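Here are my notes on this one, in the order I'd read them with the viewer open.

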Amino acid sequence: MRELFSVTGKSVVMTGATGVLGHGISLHLGKEGARMAILGRDRERGERLAREIAEAGGEALFLPCDVLDRASLEACRDTILERYGRIDVLINAAGGNMPGATIPPDKTFFDLNIDDFSRVVELNLHGTVIPTQVFAEDMARRGEGAIVNFGSEAGLRPLTRIAGYTAAKAAIHQFTRYMATEMAQKFGEGIRVNAIAPGFFLTEQNRTLLTNPDGSPTARARAIIAHTPFGRFGRPEELYGTVQYLISDASRFVTGTVAVVDGGCDAFCI
Ligand SMILES: NC(=O)c1ccc[n+]([C@@H]2O[C@H](COP(=O)([O-])OP(=O)(O)OC[C@H]3O[C@@H](n4cnc5c(N)ncnc54)[C@H](O)[C@@H]3O)[C@@H](O)[C@H]2O)c1
């Protein structure tokens, strides 16, 4: 059974690896024997994470990148291929909402700044499409690989206030399905493309929406918890198993799916 879920020796590229969710997932996969390429913007955090993985007996390489800058991604790809020889897995985790693109309760859609809306769509959608173009080419050449995109609960159900983020994450779910077909039809069944849709996890990007300055939950946070059958936010480690499943042989016939990890939030109506 362990063999089925094994990631040992796989060369895994992860964008957004220095973020809250990315950090834990990278560390987990590194401990499981994956050869990690940690991509991020924060050098200090990235190098610290690479050291943590090495101290846990794994192998990791930190590379600074901007997911919207093709040249920086290509430089990362060249270094990874030089060091690991191939790219087996791409996890597109860079993304998130931006305060400017959030419509506060005293404003309406007509106050939305279109530049902020574009920036959120660009970061989440283009920031997934461009790395896929750059890193999946090696998979296409070899006819083998797995891609996991980070969608969101917001891509399944439109959440109030975050119009751009909701639109961008819905687009990621559809892009995932599109790419699953594209890769299978043109490069064979060895390349699979899936998405993970986390529900609500308390992290830096949503902290101000979900907690008051004194740390107590906002009305929005209380509403989310009331709408989640498990009655709580997710914990980053609750994503590890789903990611590992999606990049291992355990999911060999699975492509074009969106794996929802949300304590039942999406299933709940009344
Ligand atoms: N936290 C949640 O509840 C939640 C829920 C659903 C989906 N998600 C998604 O999960 C992913 C990880 O989120 P997180 O909660 O760890 O957030 P986070 O803000 O901690 O991590 C996001 C990472 O993306 C990086 N990033 C942003 N812009 C970048 C750019 N231009 N180039 C390179 N890197 C860039 C940031 O530096 C950060 O390391 C995101 O795609 C997010 O949208 C999060």
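1. Burial first: a residue is buried if 20 or more other C-beta atoms lie within 10 Å of its own, exposed if 12 or fewer, and partly exposed in between, with C-beta atoms placed from the backbone. Helices (H or I, at least four residues) and strands (E, at least two) are DSSP runs, numbered from the N terminus. This is a predicted model, so local features need pLDDT of at least 70 and side-chain atom pairs count only at pLDDT 80 or more, while totals for chains, interfaces and linings use all residues. Residues are numbered from 1 along each chain as its sequence is written.

2. Have a look at S5. Six of its six residues are buried. Gly145, Ile147 and Asn149 point one way, and Ala146, Val148 and Phe150 point the other.

3. Seven strands make an open, parallel sheet in the order S3-S2-S1-S4-S5-S6-S7 (two strands pair if DSSP finds at least two bridges between them). Strand S3 (59–64) and strand S7 (258–261) are the edges; each has a single partner strand, so one side of each lacks a neighbour in the sheet. From one strand to the next the twist averages 20 degrees (axes are lines fitted to C-alpha atoms, for helices over the stretch in contact, and angles run from 0 to 180 degrees between N-to-C directions).

4. Leucine 90 has isoleucine 147 as its bridge partner in S5, and isoleucine 91 stands opposite valine 148. S5 and S6 pair over six bridges, with asparagine 149 partnered by alanine 195. S6 and S7 pair over four, and there alanine 195 has valine 258 as its bridge partner.

5. Which residues touch the most other members of the largest nonpolar core? Val13, Met14 and Ile38, out of 68 residues (a nonpolar core is a set of buried Ala, Val, Leu, Ile, Met, Phe, Trp, Tyr and Cys residues joined through C-beta atoms within 7 Å). Leaving out residues up to four places away in sequence, the contacts of isoleucine 38 include Met14, Leu49, Leu61 and Phe62 (contact here is C-beta atoms, placed from the backbone, within 7 Å).

6. Leucine 61 is in strand S3. It counts as buried because it has 20 C-beta neighbours inside 10 Å. Beyond four places in sequence, leucine 61 touches Ala37, Ile38, Ala50 and Arg83.

7. Last, the ligand. It is surrounded by 29 residues, the closest being Gly16, Gly19, Leu21, Gly95 and Thr203 (a residue is near a molecule if its C-beta atom, placed from the backbone, lies within 6 Å of it). Helix H1 (20–31) and helix H4 (114–142) each supply at least two residues of that shell, and H1 gives the most, with three.

Notes
Two residues are in contact if their C-beta atoms, placed from the backbone, lie within 7 Å.
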